Amino acid sequence: MPDYNLNTEKPTISFKQVHKWYGKLHVLKNINEEIYSGEVVVVIGPSGSGKSTMLRCINGLENIQKGQLIVDGQEINHPKTDITKVRAEIGMVFQHFHLYPHMTVLENIMLAPLKVRRTPKNEAEKVASELLEKVGIPEKARSYPAQLSGGQQQRVAIARGLAMHPKIMLFDEPTSALDPEMIKEVLDVMKALAREGMTMIVVTHEMGFAREVADRVLFMDGGSIIERGTPEHFFTNPVEERTKTFLRQIL
Amino acid sequence: MNYNFNWMVLWDYRELLIQGLIITLKLSITSIILSTVIGIILGILRLAKNLAVRLVASAYVEFFLNTPLIIQLFFWYFALPMIFPEPVQMWLWEHNYEFISAVIGLTIYTSTFIAEAVRAGIQSIDKGQQEAALASGLSDFQTMWYVILPQAIRVVIPPICNQFLNLTKNSSLAMTIAVPELTHQAQAIEALTFRGFEAFTAATLIYIALTITISLLMSRIERWSAKGQQIVTA
Ligand SMILES: Nc1ncnc2c1ncn2[C@@H]1O[C@H](COP(=O)(O)OP(=O)(O)OP(=O)(O)O)[C@@H](O)[C@H]1O
Ligand SMILES: [Mg+2]
């Protein structure tokens, strides 16, 4: 985290004593975290530790029951907050892509700009084409998702997330469903994005990615953030026993 | 058995059969259109976020789904007018109320089956589609309209087609409330000529021709709706 952020700037995302339950299951326990503009934060942790849930609270796909979550100056759980406005500023990329199968690649990318921002069609198409260029598959514009490889689909999903010119990008295990030979092409796109200064929160176990571009790593277990630090810290001297055990398993 | 067939009566009374066919068509097509619109709306409302909306839609569906159609027809035809003052009743009877009540009955009855098909179709679409659409900033309505329904429609067309066939066949029950549709007219020919076998054979063949036509039309629509997605299912 760059020092100049510390006092002068408000965090883009701020968790204050956030709790969440699914019924009786306490899945987020007292989350306190601040994420600043331009930061790349990698979230790691065992299955079921609440990584996805934490991510999905940020754009209101899940509700929190206690505490305060402020995103882009808006209190997410406040009844007066127009959640669609907040979501329009946040791109999200899922493990299983979730591209719209009945639309072409271009239509997938253009849908939100056309319907939410009411961008004129030719302008939306121009932006979508540029984004496809950026993720390296301009030739697939008129294809349907089912005609693409997994890696290509995920790159389209990233382009779709970027189409609204978001302030924040959320990634939930974007490479876990991919064949090994396709992981690199997706990570390369994400690294480029990180270097351009995009604010990113990435749930991933790709520690190579973390080492290269992450500003900070959060380790979650049992619904809490157990340990936080730079990627270097996690590679060289993790403190918590659970962190060490986990890292031994994935490295 | 020494029944002498006389198929000529059908020719002599062709006017009645044709009039009956026209009424059956009017009744079926009107009810098909209305029940489709209402059924789709109901199917969506059954999945609404708002509990009250969901309960009302579910109560409607469960109630009319589980009542015999003929009772519903009798209710709309005999019972409903009673709650209106006499002048309104008179007006209703002067304005072909038997046809109107048959449309109401068939529409409401069939809309419940269509609502169930639509609900199942929507629920068959991967949750991730909805999440991706909402996450991109689309409203609930936009998500339904641009992302979920276009995918659900493919799943839903075959069961809805079956409901159209059922509705067309069920329209024959309208004869019990004096709608001069096809079955009614076949019965009229029987009463006039005692040629029941010929009259009802003719009606049967016309119904079969109708249902085959509907099936062919619907498979056309099905193929058309799948066009954009052919590669997906491949
Ligand atoms: N919709 C839901 N209803 C009930 N429980 C849920 C729901 N979604 C997740 N959970 C539970 O909440 C806990 C946290 O789940 P979450 O998906 O956030 O974990 P995760 O860290 O992302 O795990 P993974 O690495 O497997 O994706 C788990 O115990 C999970 O079973
Ligand atoms: Mg997860």
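A polar side-chain atom of Lys51(A) sits 2.8 Å from an oxygen atom of ligand 1. This is a predicted model, in which local features need pLDDT of at least 70, side-chain atom pairs count only at pLDDT 80 or more, and totals for chains, interfaces and linings use all residues. Residues are numbered from 1 along each chain as its sequence is written, chains are lettered from A and ligands numbered from 1 in the order in which they are written, and side-chain values use heavy atoms, with hydrogens and water left out.

**Exercise 1.** Find which residues are around ligand 1.

*Solution.* 

Step 1. Take a residue as near if one of its heavy atoms lies within 4 Å of the ligand. Around ligand 1 this gives Tyr22(A), Leu25(A), Val27(A), Pro46(A), Ser47(A), Gly48(A), Ser49(A), Gly50(A), Lys51(A), Ser52(A), Thr53(A) and Glu173(A).

Step 2. Sort the shell by class: 4 nonpolar, 6 polar and 2 charged residues. Here Ala, Val, Leu, Ile, Met, Phe, Trp, Tyr, Cys and Pro count as nonpolar, Asp, Glu, Lys and Arg as charged, and the others, Gly among them, as polar.

Step 3. Now look at the elements, where helices (H or I, at least four residues) and strands (E, at least two) are DSSP runs numbered from the N terminus. In chain A, β2 (25-35) and α2 (51-58) each bring at least two residues to the shell, and α2(A) gives the most, with 3 residues.

**Exercise 2.** Find how far the side chains of Ser47(A) and Ser52(A) are from oxygen atoms of ligand 1.

*Solution.* 

Step 1. A polar contact here is a pair of N or O atoms within 3.5 Å; within protein, one must be able to donate a hydrogen and the other to accept it, and residues adjacent in sequence count only if both atoms are side-chain atoms.

Step 2. For Ser47(A), the distance from a side-chain N or O atom to a ligand oxygen is 2.6 Å; for Ser52(A), the distance is 2.7 Å.

**Exercise 3.** Describe the contact between chain A and chain B.

*Solution.* 

Step 1. With contact meaning heavy atoms within 4.5 Å, chain A provides 25 residues and chain B provides 21 residues.

Step 2. Look for salt bridges (a side-chain nitrogen of Lys or Arg within 4 Å of a carboxyl oxygen of Asp or Glu). The interface has 1 salt bridge: Arg56(A) pairs with Glu131(B), their closest N and O atoms being 2.8 Å apart.

Step 3. On the side of chain A that touches chain B, α3 (83-88), β6 (90-93) and α4 (105-115) of chain A each give two or more residues.
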